[in-house]
Amino acid sequence: MDFGVITDNFSFLMLQGFIGLGPFAGGTLRLALPAIVLGFLLGTCIGLARLAHSPWLSVPAKVYVEFFRGVPLVMVIFWFWFIVPVMLGRSLPEYAVALTAFVMFEAAYLAEIVRAGIQSVPRGQVEAATATGLARAPMMRYVILPQALRNMIPALVTQFIVLLKDTSLASIIGYVDLTKAAQIVNNREIRPFELYLFIAVVYWICSYTMSRYVRRWENAAGQSAR
Amino acid sequence: MNYNFDWSVLWSGQTGAWLLDGVLVTLKISSLAWLAAVALGILSGALRTAPITLLRWLAAAYVEFFRNVPLLVWMFFWYFGMPPLLPHALQEWLLDHGAEFWAGVCALGVYHGARFSEVIRAGIHAIPRTQFEAAVSTGLTVPQAYRLIIVPIALRLIVPPATNETLNLLKNSSVALTIGVAELTFQTRQIETYTARAFEALAAGTLIYLFLCLAIAAFMSRLERSMAIPGMIARGQSVEL
């Protein structure tokens, strides 16, 4: 075993692979951060649509969520990778394909989190808001969503952990994230055990820190509720 | 969009056989990994609530380490990273006997074992503490109390979250294509490569996954009804895909 391979390639693995600074359009964080923000925006729209009274909104939203939750992410990535060139007549860069696939896929899961968050706001809040004369849209905007968002934070962070781990799958279409960077180094150095163990530790540190944060938040919330 | 659909590519020539092979491999790798994951999950989930600190700590270390790293990295680790550390004869044997398949089973089984462990731990926590005390006071040893009372009750409580985990495992088996296991997604890509019919091939693969997920969800919701413990039904409602 020789961990010198890690120190020699440390800046490539971390700067290029993990953060996304370097000659390749890549980076785990550069994919995960925009994907969670855009996915949350789309997910909020879909989550609200699922709760709408009109079946013209709620049924398509339900179909969207059930469809994406019943299909593997790898399949969704391949969908965008192979279908977009056919539809547009030209191919898109890996980054655009990966980002679209992740936003669409995560939106289905985030929509469920948004829906659960909104449903966790006590019914009395809706009645009180209606009683003060608020219309439905301002009520959502000023009363329900701010409270729902607070309840959603642990689930959102957990979903971000899932997303961060899932971005490793973007490497199968050639996007240079941390996993692909390790593969590139491994092709030259043939040190699979050390390299894959190293990136496992990097992913582990990120996920574990965030999951600790979630647990602390939940414990604090649980105590204040009592 | 200018595209002429030709669905016959899905059954002309070898493609039908490829799809069928893919489904069978997906089911095989998923069911073997499922058995491993459930066994590991029950063991480590029970140990996480055990009255011995060292055991609790070991089980927690297993869960936290495996659950927080992407499955794809585990696939590479088990397939590329582990074999060079094994004795030479064993390496040769593995290469002759589908090393990628067994690496895939290990990666899926160990990763989802850690996730099942959390489900089972939550199930055990949902059982009133008095059940355990009552079991021990009738003269059962602690391992007996777990084997005969606590784990069987927990398993009946966790059917809905276990369904979700089972579906995740089935969907995650598609990651095994990265190490060359010829499962459903792999075969879908192969059809795409040979026929240049991306849309038809991917639609077929997607529909098969949706069908498998729906079938498992339907089966598990029947199982949930027959397994429900009267009086504790409210704990686990809402089976969702």
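Residues are numbered from 1 along each chain as its sequence is written, while chains are lettered from A and ligands numbered from 1 in the order in which they are written. Because the model is predicted, local features need pLDDT of at least 70 and side-chain atom pairs count only at pLDDT 80 or more, whereas totals for chains, interfaces and linings use all residues.

The average pLDDT (the predictor's confidence in each residue, from 0 to 100) of chain A is 90, and 98% of the residues score at least 70. Helices in this text are DSSP runs of H or I with at least four residues, numbered from the N terminus. Within chain A, helix α1 (residues 4-8) has the lowest confidence, with a mean of 84, and helix α3 (residues 28-51) the highest, at 95. Where pLDDT is low, the predicted coordinates should not be read in detail.

The contact between the chains (C-beta atoms, placed from the backbone, within 7 Å) involves 29 residues of chain A and 33 residues of chain B. On the chain A side, two or more residues each come from α4 (55-69), α5 (73-88) and α10 (192-225). The largest share, 11 residues, belongs to α10(A). By class, this side has 21 nonpolar residues, five polar and three charged; Ala, Val, Leu, Ile, Met, Phe, Trp, Tyr, Cys and Pro count as nonpolar, Asp, Glu, Lys and Arg as charged, and the others, Gly among them, as polar.

In chain A, helix α7 (residues 123-131) packs with helix α8 (residues 136-166) at an angle of about 155°, and the axes are 11 Å apart. Axes are lines fitted to C-alpha atoms, for helices over the stretch in contact, and angles run from 0 to 180 degrees between N-to-C directions. The angle makes α7(A) roughly antiparallel to α8(A), a term for angles over 145 degrees. Gln125(A), Val126(A), Ala129(A) and Thr130(A) of α7(A) meet Met139(A), Val143(A), Ile144(A) and Gln147(A) of α8(A). Five of the residues in this contact are nonpolar, three are polar and none is charged.

In chain B, the axes of helix α8 (residues 159-172) and helix α10 (residues 198-227) come within 10 Å and cross at roughly 160°. That makes α8(B) roughly antiparallel to α10(B). Residues of α8(B) in the contact include Val159(B) and Leu170(B), and those of α10(B) include Tyr209(B) and Met227(B). The contact of α8(B) with α10(B) has 12 nonpolar, two polar and two charged residues.

Terms used. Two residues are in contact if their C-beta atoms, placed from the backbone, lie within 7 Å. Angles under 35 degrees count as roughly parallel, over 145 as roughly antiparallel, 65 to 115 as roughly perpendicular and the rest as oblique.
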